[in-house]
Amino acid sequence: MTELFDRVQGLGAHLSDSPFLAIALTITTYFFGTRIFEKLERPVWCPPVVLSALLVAGALVLLSVDYVDYQKGAGWLTVLLGPATVALAVPLAQQIHHIRALWRPILITVPVAATLAVVYSVALAWWLGATPEVMASLAPKSVTAPIAIGITEQIGGSVALMMGGLLITGVMATLFVDLLVPRLGVDDERIIGFVLGVNAHAIGTVRAFEISHTAGAFASLGMGLTGVFTAICLPFAVEFLGGGIFNG
Amino acid sequence: MLRGFLILTIFLVIGESLSFVLDWPVSGGILGMILMTLWLLTQSGAAGTDVGAASQQFISILVVLILPGVVGVFFLGGQFDGQWLAVGVALVFGTLASVATTMVLMMALLPKTLEKEQRD
């Protein structure tokens with residue numbers, strides 16, 4: 001009987017040898033997280049991924065599975081972020097026709113806004129004495145998650161810290177847009193959508209589609225262009241600033 | 001589905017090769033995405049259907065793919081002790097500033113007359 005008990009105790013470690021516990025856990029909590037999100041009536045301030053991540057963290061503690069082991073197993077899933085990033089080309093290509101009608105405002109706003117999003121946060125963090133790793137983790141915070149993971153790995157940030165900052169940014173930017181729209185008297189759905197996509201990535205895009213289809217289309221476009229611009233320019237900028245703030 | 005997955009994978013491999021050979025600091029997935037966007041713009045309708053279906057599948061499970069990374073937030077421990085003020089200020093005020101800038105910029109640049117063109 002005690003032998004059986006010992007074996008049950010060792011189950012968590014045994015199952016961590018194969019990736020399937022981690023994969024099953026990730027997908028299960030995804031469904032539960034989404035379900036809870038619906039039950040809470042889709043709060044903007046709490047994206048489903050946060051609920052799911054809390055459930056995974058709780059399960060890991062309960063099963064006494066090490067986070068590093070979980071991550072190793074879940075790596076079999078996260079490797080799909082590669083083709084999933086390429087897949088983002090499809091919505092981008094579908095929305096790109098908006099550029100033809102509005103190429104001037106869009107092609108000026110994206111580089112300026114995407115650059116300033118990085119500069120504002122990195123400068124504030126630097127001023128308050130953040131380490132290079134923290135600044136590198138904050139820099140891609142306005143970019144959609146799959147692209148931001150690629151950027152963070154290139155510039156030497158912490159993916160976990162970046163993900164936390166990215167989600168908080170998405171939620172806050174969405175709230176700030178709701179606050180500023182009436183104060184600045186913005187009544188153009190294209191502007192609201194675009195601002196949501198540029199600053200609040202997927203979280204803002206979901207919100208924009210709640211406003212209208214036009215807002216959603218402009219949010220997708222803003223998100224895609226900001227992602228592409230930041231992904232190309234930020235790693236090169238960090239490389240050029242090689243001896244600068246990012247390397248202490 | 002399989003044909004679409006193959007196209008995605010081929011663009012990913014091309015992107016990865018470019019990134020490595022040119023020694024660019026840009027990840028292969030992003031280069032693959034840019035190349036596929038350009039390719040899709042040259043395709044008229046039918047050719048993009050397979051890749052469209054596969055992409056839809058991937059985009060619908062994106063949350064599952066980023067979830068393991070988000071879990072890491074709860075296991076940071078004391079790794080960034082003493083940095084949280086900087087992180088908090090950068091997130092709150094950095095985001096507020098960039099939302100305001102983007103909005104003002106778009107309002108200044110987007111002529112109201114284009115409204116009609118857009119509706120066509």
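Entry 1, a serine in a helix. I looked up A:S220 and found it in helix α13 of chain A, which covers residues 213-240. The model is a predicted one, so I note each value as computed from it. Is A:S220 buried or exposed? A:S220 counts as buried, because its relative accessibility is 12% and the cut-off for buried is under 20%. I then asked which residues A:S220 touches once its neighbours within four places in sequence are set aside, and the list I wrote down was A:Q95, A:T205 and A:F209.

I looked at A:D69 and A:K72, whose side chains meet in a salt bridge at 3.8 Å from N to O. Because A:D69 and A:K72 are three residues apart in helix α5 (residues 67-78) of chain A, about one helical turn separates them. A:D69 is partly exposed at 30% relative accessibility, whereas A:K72 is exposed, with a relative accessible area of 59%.

Next I looked up A:D178, which forms a salt bridge with A:R207, with 3.4 Å between the closest N and O atoms. This pair links distant parts of the chain, since A:D178 lies in helix α11 (residues 159-184) and A:R207 in helix α12 (residues 189-211) of chain A, 29 residues apart. I recorded A:D178 as partly exposed, at 35% relative accessibility.

I also found a salt bridge between the side chains of A:R190 and A:D188, at 2.7 Å from N to O, and both of these residues are buried. Through shared partners, salt bridges join A:D178, A:R207 and A:E210 into one network.

I turned to the interface, where 71 residues of chain B are in contact with 93 residues of chain A. The area buried between the two chains is about 7,300 Å², and carbon and sulfur atoms give 84% of it. In chain B, the residues that lose the most area to chain A are B:P25, B:M33 and B:M103, together 9% of what that side buries.

How many salt bridges does the rule find across the interface of chain B and chain A? I noted zero, although the rule does find seven residue pairs in polar contact there. On the side of chain B that touches chain A, α5(B) gives the most, with 24 residues, and the residues of that side divide into 51 nonpolar, 17 polar and three charged.

Technical notes. Residues numbered from 1 in each chain as written. Chains lettered and ligands numbered in written order. Predicted model: local features only at pLDDT ≥ 70, side-chain atom pairs only at ≥ 80, totals over all residues. Heavy atoms only, no water. Contact = heavy atoms within 4.5 Å. Buried area = accessible area lost by both parts, 1.4 Å probe. Salt bridge = Lys/Arg side-chain N within 4 Å of Asp/Glu carboxyl O. Polar contact = N/O pair within 3.5 Å; in protein donor to acceptor, adjacent residues only side chain to side chain. Helix = DSSP H or I, 4+ residues; strand = E, 2+ residues; numbered from the N terminus. Nonpolar A, V, L, I, M, F, W, Y, C, P; charged D, E, K, R; others polar. Buried < 20%, exposed > 50% of the residue type's maximum accessible area, 1.4 Å probe, protein only.
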